[in-house]
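Please look over the sequence and the structure, then read on.

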Amino acid sequence: MNLHNIKKDTKKRKGAGFRLFGGKLSGLRAAEIFLVFFLLIYMALVFFRGNSQDVDISVISEAMADQCSEDGLRSGDTGTFKRYFGLDSSQYEGYVMYISDNLMNVDELLIVKISDVGQLNELEDAVNARLASQIQNFHGYGTNQEALLQNAVVREQGRYFFYAVSGQAEQWEEIFLSCIK
């Protein structure tokens, strides 16, 4: 077989393609349009997946107050926020924080309303650092506390960041979600 004798088909084939909106589209062009359409749908689903109501942080604070007080926790202030997480609380729209006065009690709750999506990463990093520090502090002698820390609930929901360490963490999460859904 001689490769030089093979004629290349350089003519455009008439009639090949798809009819869309009265015109013809090549198979590649139709695939591109389908892909763009699919990506737009996917991005919309991802964007709206974490959607939540925009409620004032005071509504969440009021809902959490009774439960956290019953569990022996007190409200944390801006100094406590800075000491525990190394972050400036004034950079956020608002926060709810409850901590224990008992040094052997690891129960704590933090709910932050963010003003910028980029703040989620810094909150997650700060919470992970706090958890790692607490786990190291209780490793070896505070097995109950260490188990609670290992099972901390960390969640991003819309414009809110939720972090809880407690035997009641799931119950607190339900109260939080009921406020913003």
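Which side chain meets R155 in a salt bridge? The side chain of E173 does, with 3.0 Å from N to O; a salt bridge here is a side-chain nitrogen of Lys or Arg within 4 Å of a carboxyl oxygen of Asp or Glu. The pair links distant parts of the chain, R155 being in strand β6 and E173 in helix α6 (residues 169–180), 18 residues apart.

This is a predicted model, in which local features need pLDDT of at least 70 and side-chain atom pairs count only at pLDDT 80 or more, while totals for chains, interfaces and linings use all residues. Residues are numbered from 1 along each chain as its sequence is written, and side-chain values use heavy atoms, with hydrogens and water left out.

**Overall make-up**

- The chain has 6 helices and 7 strands; helices (H or I, at least four residues) and strands (E, at least two) are DSSP runs, numbered from the N terminus.
- Starting at the N terminus, the order of elements is β-β-α-α-β-α-β-β-α-α-β-β-α.
- Of the 181 residues in the chain, 34% count as buried, where buried means under 20% relative accessible area, exposed over 50%, and partly exposed in between (1.4 Å probe, protein chains only).
- L73 belongs to strand β3 (residues 73–75) and counts as buried because its relative accessibility is 6%.
- The C-alpha atoms of L73 and D107 are separated by 7.8 Å, although these residues are 34 apart along the chain.

**Salt bridges**

- Side chains of opposite charge can pair when their charged atoms come close.
- The count of salt bridges in this model comes to 7.
- One of them joins the side chains of D54 and R159, at 3.2 Å from N to O.
- D54 lies in the loop between α1 (27–49) and α2 (57–70) and R159 in the loop between β6 and β7 (160–165), so this pair ties together parts that are 105 residues apart in sequence.
- D54 counts as exposed at 56% relative accessibility, whereas R159 is partly exposed at 30%.
- Another salt bridge is formed by E93 and K113, whose closest N and O atoms are 3.7 Å apart.
- E93 is in the loop between α3 (78–85) and β4 (94–100) and K113 is in strand β5 (residues 108–113), so the pair ties together parts 20 residues apart in sequence.
- E93 is partly exposed at 44% relative accessibility, but K113 is buried at 7%.
- Through shared partners, salt bridges join D54, E93, K113 and R159 into one network.

**Negative surface patch**

- D116, E122, E124, D125 and E156 gather in a patch of negative charge on the surface.
- Patches are made of residues with over 30% relative accessible area and no salt bridge, with like charges joined within 9 Å and nonpolar side chains (Val, Leu, Ile, Met, Phe, Trp, Tyr) within 5 Å.
- Helix α4 (residues 119–138) gives the largest share of the patch, 3 residues.
- E156 is found in strand β6 (residues 153–157) and is partly exposed because its relative accessible area is 38%.

**Cysteines**

- The number of disulfides is 0, a disulfide being a pair of cysteine sulfur atoms within 2.5 Å.
- C68 is buried with a relative accessible area of 0%, and C179 is buried with 15%.

How values were computed: Areas by Shrake-Rupley, 256 points an atom, 1.4 Å probe, with all protein chains shown as cover. Lys, Arg positive; Asp, Glu negative; His and termini not counted. Charge placed at Lys NZ, Arg CZ, Asp CG, Glu CD.
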